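Visitor: I am new to reading protein structures. Could you walk me through a few features?

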Amino acid sequence: MVTVRRGLRSRKTTAPVRPRRKIRLDDVVHELTAEGRPCDTEFLREVYDFSAEMHGDQTRQSGEPYLSHPLYVAYLLAGFRADQTSVAVGLLHDVLEDTLTTRETIAERFGDDVAALVDGVTKIGRHEYTRRDEAQAETFRKLILASVKDIRVILVKLADRLHNMMTLEPMEPEARRRISRETLAIYAPIAHRLGMSKVQGDLLDLSFYYLYPLQFAELERKVAEKLKASKAATHHIRERLGAELDKAGIKAEISFRVKRLYSIHQKLRRQGIEIAQLYDYLAYRIVTDEIRDCYAALGVVHQNWRPVPGRFKDYIAMPKPNLYQSLHTTLVGNSGQPFEVQIRTRDMDLVAEEGIAAHWGYKEGREKADAADPDIAWLRQVLDWQQEVNDPRTFMSTLKVDLYPDEVYVFSPKGDVLSFPRGATPLDFAYRVHTELGHHCSGARINGRLVPLRTELKNGDMIEILTNASRQPSRDWLSIVSTSRAKSKIRQWLNTEQKRQALEIGRRLLERELKKYRVAPKRFYASEAFAKYLSGEGIASAEDLLSQVGFGKIAVRPLLDRTLSEDELSTSADQPSKLRQAMNRILPFSGDTAVTVRGDSDLLAYLAKCCNPLPGDEIVGYVTRGKGVSVHSAECSNVGNLLYNPDREIQVEWARTNDEVFPISLAIETEDQPGILARLTETIAKHGGNIRHFEAETMEAARGLIEVVVEVTDRRQLEKMREGLQAVDGVLRVSRLRGGRESEFRSRRGRP
């Protein structure tokens, strides 16, 4: 008997997911006990009362009592099929961060497990670090470490982030965008890796809504129109699927769902097509009792509709890393329009929707996951690879790589199957097998044929690595590899090698200068003044000092001024001010910039042209060879490659200036409408911007693509201008071009 049920999600023009109603503790208990799970109501009541007492009169940005947030988080966790301990942690998850409660108090009242989970979810305070990215990196490092010990930490964090995204409206626009970008980059991929597709979809759609509200509303309207127009064809396919499976004696349930708006948006942009050209926005799902019925249903489907070559995937025989299993096939309907069919068992369907929550061990009474549990194996792998990564930007960028799913399966010469992310190369394969194999990799054979190291791996490839004992890693390798393990190992080698070189350079520079003053290096290193200098600067050893001299972070002359006696110092030495004036005349930048180097006013600093940072942006300094300090935005795409050696980073800050302007490049995607250029230039002028460069071109699908360079004074002015441009009728997207984004912009216009 085939059951046909409709699976379309209702859509509104407001945020895609809203809190259903005001949640009470009784609702949490009801959801928790819905499937016969154990629940100690008195315990939860005690936890609830404690949370209410600690949060007291605190309110959220919307003005609601703060307690409404932990209540809804607990409700979501109960809906995730989490256990009672997780639900209790949901009620308490903010008490360490937002109240004066201590971990010891929670442990005493509710046990060590609850206290450990609450502590794992708690963010590390921004005040403990000088920059936001450092606090963010350490928070995620702590989250991963806690989740390896107990996966429930991530479940609570996902519920917390989902409710925060549901109620993001009262926040300031810049805060909404920042939180949405973080959700897209970190939390949605985590939900995907845990197989929690519904949570992932909600997070993606909410982020899309807050980042690009106009595009969201427009796409929502067009999808609704398309669904209405294809209602008859959709009904016909669904009924025919049911009839053919019934005729074959296959018991199944059939449903269909519209793809998520964010997924549709990404596909339209990736393929450069209009919504009218998108045919596989509907997916029909066949859910059977047994695996053999899945393959039998696949045969029935292929007998009645013509399959599209290359679009069949067997995730039952080869599950995804997040344990997702299903058969996927794309077929051509009678009218020539393609549609997708997914076939799976009931257990597979449950795992696909709820992921780890559908099958994790605590349901059978096991309180903590085994270290070999596949649910947390990837987390443990991430943790192992990140142990030696200290730089916060490097940590966050490699973490984002790790969170995306493996999609390529290749073979070693011994027949072992290894999985890699899309874009992986033979060099990634070499470092996956062994670090030394990667360090000495000189070439590779794929399927017996010699190939360049940049060659991307494909499913089914047989990989053989060629080595040479004299071969060593180079900085160029960072642009070849895509896995965080390979990047980490290459950076580690480069860091060690550069430190060795910097140590030798620093030693030569210092000892050459000491020779001018006729001071023996051995006596200098053993002097009390030198030891006092190291202690005062917080430098562990003479070797560390020499490395910093070699990297250019410490100037030799100021060092000697503080460590040599007046008798030893030469009176004929050049004055720093004269040196600085000479450098300003020679080098192609001025020393009078809006940026100063923290702790060393004699170092020259200039704004990098690749990202053009603005006052208000988080910035980072990079010590160049002979050109001073290059200052980049923390979001610049070049920062990760430049700072593979954190020792070359130096603290910089914005100086107080009122009259300086900065050129910023904006990419504006619009509909092809008459008068839109006039409206855009009028908006820029209204917000005080001066246009230095303007290019516009009409693209396919009635789209316009505009690159404009405007002069602004700071980030605040830029954000207000972007909001004004985004509100112009016909504007689809406004983005700031940074680093390598200009080349991407031009490639979309067909320019070299």
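Visitor: Which residue lies over the face of Trp 305?

Guide: That is Arg 240, at 4.5 Å from the ring centre. Keep in mind that this is a predicted model. There is another case to look up: Arg 432 lies over the face of Phe 420, at 5.1 Å from the ring centre.

Visitor: How many aromatic pairs does the structure hold?

Guide: A pair of aromatic rings is described by the distance of the centres and the angle of the planes. The structure holds 15 such pairs. Take Phe 524 and Phe 530: the ring centres are 5.0 Å apart and the planes meet at 50 degrees, so this pair is tilted.

Visitor: Is Phe 524 buried or exposed?

Guide: Phe 524 has a relative accessible area of 2%, so it counts as buried, because buried means under 20%.

Visitor: Which residues do ring pairs link into a cluster?

Guide: Look for Phe 208, Tyr 209, Tyr 210, Phe 216 and Tyr 262, which ring pairs join into a cluster.

Visitor: Now the sheets, please. In what order do the strands of the four-stranded open sheet come?

Guide: Strands of a sheet pair through backbone hydrogen bonds, either parallel or antiparallel. Here the order is β20-β21-β19-β22, and the pairing is antiparallel. At the edges are β20 (690-699) and β22 (731-736), each pairing on one side only. From one strand to the next, the twist averages 15 degrees.

Visitor: Over how many bridges do β19 and β21 pair?

Guide: Strand β19 (residues 662-671) and strand β21 (residues 703-712) pair over 10 bridges, in the antiparallel sense.

Visitor: Which strands does helix α28 touch?

Guide: Helix α28 (residues 676-686) packs on the sheet and touches β19, β20, β21 and β22. Its direction makes about 155 degrees with that of β20. Helix α29 (residues 715-726) lies across β19, β21 and β22, and runs at about 165 degrees to β22.

Visitor: What is the order of the open sheet of three strands?

Guide: The order is β11-β10-β12, with antiparallel pairing. Both β11 (449-451) and β12 (463-467) are at the edges with a single partner strand each, so one side of each has no neighbour in the sheet. The twist averages 35 degrees from one strand to the next. Strand β10 (residues 441-446) pairs with β12 over five bridges, and Gly 443 has Leu 466 in β12 as its bridge partner.

Technical notes. Residues numbered from 1 in each chain as written. Predicted model: local features only at pLDDT ≥ 70, side-chain atom pairs only at ≥ 80, totals over all residues. Heavy atoms only, no water. Pairing = 2+ DSSP bridges. Helix = DSSP H or I, 4+ residues; strand = E, 2+ residues; numbered from the N terminus. Axes fitted to C-alpha atoms, helices over the stretch in contact; angles between N-to-C directions. Contact = heavy atoms within 4.5 Å. Phe/Tyr/Trp six-rings, centres within 6.5 Å; stacked < 30°, edge-to-face > 60°. Buried < 20%, exposed > 50% of the residue type's maximum accessible area, 1.4 Å probe, protein only. Lys NZ or Arg CZ within 6 Å of the ring centre and 35° of its normal.
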